[in-house]
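Trainee: I would like to learn how to read a model of this kind, feature by feature. Could you take me through it with care?

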Amino acid sequence: MGLRFAFHSPTKILFGRGSLEELGEQVKRLGGKALLVTGRRFARRYGYIGRLTSLMEESGVEVALFDRVEPNPSFETVEEGALTARKTGVDVVVGFGGGSALDAAKAIALLCVQGGRAKDYVYPYVVEEPVLPIVAIPTTCGTGSEVTKFSVLTDVKAKRKTVVAGGPLIPKVAILDPEVLRHLPRDLTVYTALDAFSHAIEAYWSKASQPISDLFALESMKILLKDLEKAAQDVEARDVLHYASLLAGLAINQAGTTVVHAMGYYLTTYHDVHHGLSNAVFLPVAVRLNAPAIPDKVARLADYLGLEYESVEAAARLIEESLARLEDRLGVPRRLGELGVDRSEVEVFVKETLSYRRNIENNPRELTEDDVRSLFMEII
Ligand SMILES: [Fe+2]
């Protein structure tokens, strides 16, 4: 069959402390009036709204503000943002924040041009229409959204995470200035970095994985396993987390996510658990679940991480243990009960998990209700 793959990554990436200073010039190339999309607190509290606005205005860009994005943004929020974008006549959208602000910026860029309701564009629909150009500035180290075609939105009424996806949603420019991570609380640093780890390992074992995304994924996992613990404590050591998160984003943009995200969505929509933590609780057991389906990948990952093993089964165990030990040292719960989940929820959990078809079909191992049920029972 030979080697065969497609790789597409059109984002200009500016990485480094102080790179935020380039915002005005970058936006100016894309438009004359920008909508700055942020969450409700972080950007304002640390003075970023004023700073980003000045940077753009100094380059001759007019700025309008939409600072109402909540964690796990809803259809209603992005529709409201699109209305603001239309009323103010902007021609470029700048997202500043965690995954929620960036994903909202993408949906606003789409709805502003194409009209309609957010739910009209939900996957399996594939966005091919033009959208406003997007500049993405991540302030957490997990989303990867700055380089992906995905906008994850929540259907609040149906208690479901949905995804709007398509090439035009990929940001034109991503500015990764690790200085912003100084303000990220320790726990959010850990949770978002573990979301990045989920992206990396899921892209790596995904059915849609390919040689280039595998490289990004392997390097991302290696960095996170080695440096996350130190960087959680030491704000000066966080540059590598921003980098690892970017790599993992480049990997999922090609390969997508799998069962870990499908299970994690349940904890976020039913128990309001942070997205990164929702994934983290499932990571070690997911390695055990999927390892038998991907022996070659397990061996390659173990080699890449410098683990010594005698069989592929032993390699899988070592990877699972490294993750579990890291999570224990970080104080991340590995039992569902600690997150407020009760045994009686098992059937809803199974049904919800398997309903995320896009993720489940991408998983390397075919999953039955029994597989998901026993995994739940194992870590309740
Ligand atoms: Fe994620």
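Predicted model: local features only at pLDDT ≥ 70, side-chain atom pairs only at ≥ 80, totals over all residues.

Trainee: Into which domains is the protein divided?

Mentor: Domain bounds come from an automatic or database domain assignment. Here they give domain 1 (12-180) and domain 2 (185-379), whose centres, taken over C-alpha atoms, are separated by 26 Å. Two residues are in contact if their C-beta atoms, placed from the backbone, lie within 7 Å, and on that basis the contact takes 23 residues from domain 1 and 26 residues from domain 2.

Trainee: Which element gives the most to the side of domain 1 that touches domain 2?

Mentor: Helices (H or I, at least four residues) and strands (E, at least two) are DSSP runs, numbered from the N terminus. Strands β1 (12-15) and β7 (160-165) each supply at least two residues of that side of domain 1, and β7 gives the most, with 3 residues. Ala, Val, Leu, Ile, Met, Phe, Trp, Tyr, Cys and Pro count as nonpolar, Asp, Glu, Lys and Arg as charged, and the others, Gly among them, as polar; by these classes the side of domain 1 that touches domain 2 has 8 nonpolar, 10 polar and 5 charged residues.

Trainee: At what angle do helices α6 and α8 cross?

Mentor: Axes are lines fitted to C-alpha atoms, for helices over the stretch in contact, and angles run from 0 to 180 degrees between N-to-C directions. The axes of α6 (residues 186-205) and α8 (residues 239-255) come within 8 Å and cross at roughly 35°. Residues of this contact include A193, A196 and A200 of α6 and A244, A248 and I252 of α8, and by class the contact has 10 nonpolar, 4 polar and no charged residues.

Trainee: In what order do the strands of the open sheet lie?

Mentor: Two strands pair if DSSP finds at least two bridges between them. The 6 strands of the open sheet follow the order β1-β8-β5-β4-β2-β3, with parallel pairing, and the edge strands, β1 and β3 (62-69), each pair on one side only. Helix α3 (residues 48-58) packs on this sheet, touching β2, β3 and β4, and its direction makes about 155° with that of β3. Helix α5 (residues 99-114) also packs there, touching β2, β3, β4 and β5 (134-138), with a direction at about 165° to that of β4.

Trainee: Are the residues of β5 buried or exposed?

Mentor: A residue is buried if 20 or more other C-beta atoms lie within 10 Å of its own, exposed if 12 or fewer, and partly exposed in between, with C-beta atoms placed from the backbone. In β5, 5 of its 5 residues are buried, with I134, A136 and P138 on one side and V135 and I137 on the other. Strands β4 and β5 pair over 5 bridges in the parallel sense, and A136 is the bridge partner of G95.

Trainee: Why does P168 count as partly exposed?

Mentor: P168 counts as partly exposed because it has 19 C-beta neighbours inside 10 Å. P168 lies in the loop between β7 and β8 (173-176), and, residues up to four places away in sequence not being counted, P168 touches V127, E128, E129, P130 and V131.

Conventions. Residues numbered from 1 in each chain as written.
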